[in-house]
Amino acid sequence: NIRATVLPKIDGLNNLLAAIDPDQLKLLANFSSIIARIGLQGEADYALANEWLSHKTEKFRELHPHCRCFAFEWSVWSGAGMGQRLGRLDALDSQGISAISVDEGVSEFLRLIDTPDLNSRVPFVAKI
């Protein structure tokens with residue numbers, strides 16, 4: 001069901017933004033997916049959900065230029081996240097999609113949120 005995939009990301013962001021004063025927000029960061037850019041067989045609904053999340057992040061940035069906004073369009077993580085929980089790491093690895101370690105992901109996230117003039121959409125795939 002496409003709604004079950006799209007709504008948690010889109011309604012989640014909408015609910016969060018409705019609960020705050022957007023003029024006070026200094027940083028909006030969410031985790032989208034590289035799947036929105038490159039696709040993945042059988043995952044059209046997931047690609048769509050993440051594309052919409054990234055697009056909404058860009059639109060928020062346009063309306064609130066004082067706020068740094070990022071949609072981190074990253075690959076699957078090892079040791080955490082949906083890909084790990086669903087047992088998809090080996091299947092993705094066989095397709096050339098390497099997992100990001102938790103340490104690598106956290107380090108890259110912290111580096112990126114301190115990077116000035118970064119685009120809203122931030123792709124990242126693990127180093128092979």
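Where do Lys59 and Glu62 lie, and how many residues apart? Both residues belong to helix 3, and three residues, about one turn of the helix, separate them. The model is predicted. In it, Lys59 and Glu62 form a salt bridge, with 3.3 Å between the closest N and O atoms. Lys59 is partly exposed, because its relative accessible area is 38%. Glu62 has a relative accessible area of 55% and therefore counts as exposed.

This pair belongs to a wider set. A search of the whole structure finds five salt bridges. Side chains of opposite charge can pair when their charged atoms come close.

A second salt bridge joins Glu51 to Arg121, and here the closest N and O atoms are 2.9 Å apart. This pair links distant parts of the chain. Glu51 is partly exposed, because its relative accessibility is 28%. Arg121 has a relative accessible area of 17%; the limit for buried is under 20%, so Arg121 is buried.

Arg121 also forms a salt bridge with Glu73, the closest N and O atoms being 3.3 Å apart. Arg121 is in strand 5 and Glu73 in strand 2, so this pair ties together parts 48 residues apart in sequence. Both Arg121 and Glu73 are buried. Through shared partners, salt bridges join Glu51, Glu58, Glu73 and Arg121 into one network.

The strands that carry Arg121 and Glu73 are part of a sheet. Three strands make up this open sheet, in the order 1-2-5, and the pairing is parallel. Strand 1 (27-31) and strand 5 (121-124) are the edge strands, each pairing on one side only. From one strand to the next, the twist averages 20°. Strands of a sheet pair through backbone hydrogen bonds, either parallel or antiparallel. Strand 1 pairs with strand 2 (residues 68-74) in the parallel sense, over five bridges. Within this pairing, Leu28 stands opposite Cys69 in strand 2.

Helix 6 (residues 102-113) lies across strand 1, strand 2 and strand 5. The helix runs at about 150° to strand 2. Leu110 has its place in helix 6. Together with Val102 and Val106, Leu110 makes a nonpolar surface patch of about 220 Å². Leu110 counts as partly exposed because its relative accessibility is 45%.

How values were computed. Residues numbered from 1 in each chain as written. Predicted model: local features only at pLDDT ≥ 70, side-chain atom pairs only at ≥ 80, totals over all residues. Heavy atoms only, no water. Pairing = 2+ DSSP bridges. Helix = DSSP H or I, 4+ residues; strand = E, 2+ residues; numbered from the N terminus. Axes fitted to C-alpha atoms, helices over the stretch in contact; angles between N-to-C directions. Contact = heavy atoms within 4.5 Å. Patch = residues over 30% accessible without salt bridge, like charges linked within 9 Å, V, L, I, M, F, W, Y side chains within 5 Å. Areas by Shrake-Rupley, 256 points an atom, 1.4 Å probe, with all protein chains shown as cover. Salt bridge = Lys/Arg side-chain N within 4 Å of Asp/Glu carboxyl O. Buried < 20%, exposed > 50% of the residue type's maximum accessible area, 1.4 Å probe, protein only.
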